[in-house]
Amino acid sequence: MVSEREVWVAGSILPPGSRQAALLMRWDGDRWNPAPDLPAGAISFNAVTPDGRGGVWLGASNYSYDNHRILLHFDGRSWTYEKAPRVHNDPEVFDLATIPGEDRVFAVGGNPSFDEDSQGWIWTRS
């Protein structure tokens, strides 16, 4: 939640007969709208948090064309990718957090696996 008139939600949808697709919606105080100019390729968005400057940070999982493009920033005009920690096999962001009054963002993630080769990581940017 950025304000009473701006709320973001992140997730995924699975339309009947279709593949899973990432979903990011923004509440403008009157209605829900799809996020503007969203980069293509994500299977799921897992977390979204305001950046304190009118934009948002977004955490994703499993970009179909580049498994390391899982951290994105929207500055109110356009999306940019942030360098993610290098882990093998389908990394994803589990959650994002900001500290009120500061410009830092924290992400926690990993490459979930059902074997002993899982890895976790913590990432931060200002």
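This is a predicted model: local features need pLDDT of at least 70, side-chain atom pairs count only at pLDDT 80 or more; totals for chains, interfaces and linings use all residues.
1. Searching the whole structure turns up 6 salt bridges, where a salt bridge is a side-chain nitrogen of Lys or Arg within 4 Å of a carboxyl oxygen of Asp or Glu. Side chains of opposite charge can pair when their charged atoms come close.

2. Residues are numbered from 1 along each chain as its sequence is written, and side-chain values use heavy atoms, with hydrogens and water left out.

3. Take Asp30 and Arg5, whose side chains form a salt bridge at 3.6 Å, N to O. Asp30 sits in the loop between strand S2 (21-27) and strand S3 (32-34), and Arg5 in the segment before strand S1 (7-13), so this pair ties together parts 25 residues apart in sequence. Strands here are DSSP runs of E, at least two residues, numbered from the N terminus. Asp30 is exposed at 55% relative accessibility, while Arg5 is partly exposed at 48%. For the cut-offs, buried means under 20% relative accessible area, exposed over 50%, and partly exposed in between (1.4 Å probe, protein chains only).

4. Next up is Asp51 with Arg53, a salt bridge with its closest N and O atoms 3.7 Å apart. Asp51 is buried, at 4% relative accessible area, whereas Arg53 is exposed at 52%.

5. Then there's Asp75, which makes a salt bridge to Arg77 with the closest N and O atoms 3.5 Å apart. Asp75 is partly exposed at 31% relative accessibility, and Arg77 is exposed, with a relative accessible area of 66%.

Methods
Helices (H or I, at least four residues) and strands (E, at least two) are DSSP runs, numbered from the N terminus.
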